[in-house]
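User: I would like to go through this model in short questions and answers. Please begin with the terms.

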Amino acid sequence: MADAPFVDLQSYVGRPVHVITSDGRNILGVLKGFDQKTNVVLEGSHERVFSEDAPVEQVPLGLYVVRGDNIALIGEVDEELDADVDLAALYAAAAQGGGALSAGRHAREDLAGGQRAAAPRGRG
């Protein structure tokens, strides 16, 4: 089953994705590629920083590599639904780092309605 992540991620290449890291960071960009360790390359990426005291901040990252061992979840973004979200009016607590399982569980709850999620598999 070591090849399973490649089948799932291959369908995301060239599409906008939302990556949630094991420390709770939210990074969005177009998936340009990945390797056998599930390291991913995102183009035109930005990080969404959540706060209870300020609206969501979008920090431009450009071309960005996320190490596979730091990925809790990757989901395809529905661009129409994402465009309808008013980030300037959105206040939310930042995700707590707690390892991939904790971040992945919260991410799957947050991704409901408009985003498909694929948790990376095949790593010990």
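Analyst: Buried means under 20% relative accessible area, exposed means over 50%, and partly exposed lies in between (1.4 Å probe, protein chains only). The model is predicted: local features need pLDDT of at least 70, side-chain atom pairs count only at pLDDT 80 or more, and totals for chains, interfaces and linings use all residues. Residues are numbered from 1 along each chain as its sequence is written, and side-chain values use heavy atoms, with hydrogens and water left out.

User: In what order do the elements of the protein run from the N terminus on?

Analyst: Helices (H or I, at least four residues) and strands (E, at least two) are DSSP runs, numbered from the N terminus. The protein has three helices and six strands. Their order is α-β-β-β-β-β-α-α-β.

User: What share of the residues in the protein is buried?

Analyst: The accessible surface comes to about 7,100 Å² (Shrake-Rupley method, 1.4 Å probe; for residues, only the protein chains shown count as cover). Carbon and sulfur atoms hold 51% of that surface. Of the 124 residues, the buried share is 34%.

User: Among contacts in the protein with a separation of 6 or more, what percentage joins residues 24 or more positions apart?

Analyst: Contact means heavy atoms within 4.5 Å. Among contacts with a separation of 6 or more, the share from residues 24 or more positions apart is 62%.

User: Which residue in strand 5 stands opposite Val17?

Analyst: Strand 1 (residues 16-21) and strand 5 pair in the antiparallel sense over five bridges. Two strands pair if DSSP finds at least two bridges between them. Strand 5 (residues 71-77) is mostly covered, with seven of its seven residues buried. Opposite Val17 stands Glu76.

User: Which residues form the largest nonpolar core?

Analyst: A nonpolar core is a set of buried Ala, Val, Leu, Ile, Met, Phe, Trp, Tyr and Cys residues joined through side-chain atoms within 4.5 Å. In soluble globular proteins, nonpolar side chains tend to be buried together. The largest core here has eleven members: Leu9, Tyr12, Val17, Val19, Ile27, Leu31, Val40, Leu42, Val66, Ile71 and Ile74.

User: Which strands each supply at least two residues of this core?

Analyst: Val66 is one of the core residues. Neighbours within four places in sequence aside, Val66 contacts Val19, Thr21, Ile27, Thr38, Asn39, Val40, Leu42 and Ile71. The strands that each supply at least two core residues are strand 1, strand 2, strand 3 and strand 5.

User: Is Thr38 buried or exposed?

Analyst: Thr38 sits in the loop between strand 2 and strand 3. Its phi is near 65°, a positive value in a residue other than glycine. Most residues other than glycine have a negative phi. Thr38 has a relative accessible area of 2%, so the residue counts as buried.

User: Which side chain makes a polar contact of 2.6 Å with Ser22?

Analyst: Ser22 is in the loop between strand 1 and strand 2 (26-34). The residue counts as buried because its relative accessibility is 17%. A polar contact is a pair of N or O atoms within 3.5 Å; within protein, one must be able to donate a hydrogen and the other to accept it, and residues adjacent in sequence count only if both atoms are side-chain atoms. The partner of Ser22 is Asn70.

User: How far apart in sequence are the parts that the Glu47 and Arg25 pair ties together?

Analyst: A salt bridge is a side-chain nitrogen of Lys or Arg within 4 Å of a carboxyl oxygen of Asp or Glu. Glu47 and Arg25 meet in one at 2.9 Å, N to O. Glu47 lies in strand 3 and Arg25 in the loop between strand 1 and strand 2, so the parts tied together are separated in sequence by 22 residues.

User: Which residue forms a salt bridge with Arg48?

Analyst: At 9% relative accessibility, Arg48 is buried. The closest N and O atoms of the salt bridge are 2.8 Å apart, and the partner is Asp82.

User: In which helix does Asp82 lie?

Analyst: Arg48 lies in strand 3, so its pairing with Asp82 ties together parts that are 34 residues apart in sequence. Asp82 itself lies in helix 2.

User: What is the relative accessible area of Leu63?

Analyst: Leu63 lies in strand 4 (residues 57-66). Not counting residues up to four places away in sequence, Leu63 touches Val41, Leu42, Glu43 and Gly44. Leu63 still counts as exposed, because its relative accessible area is 64%.
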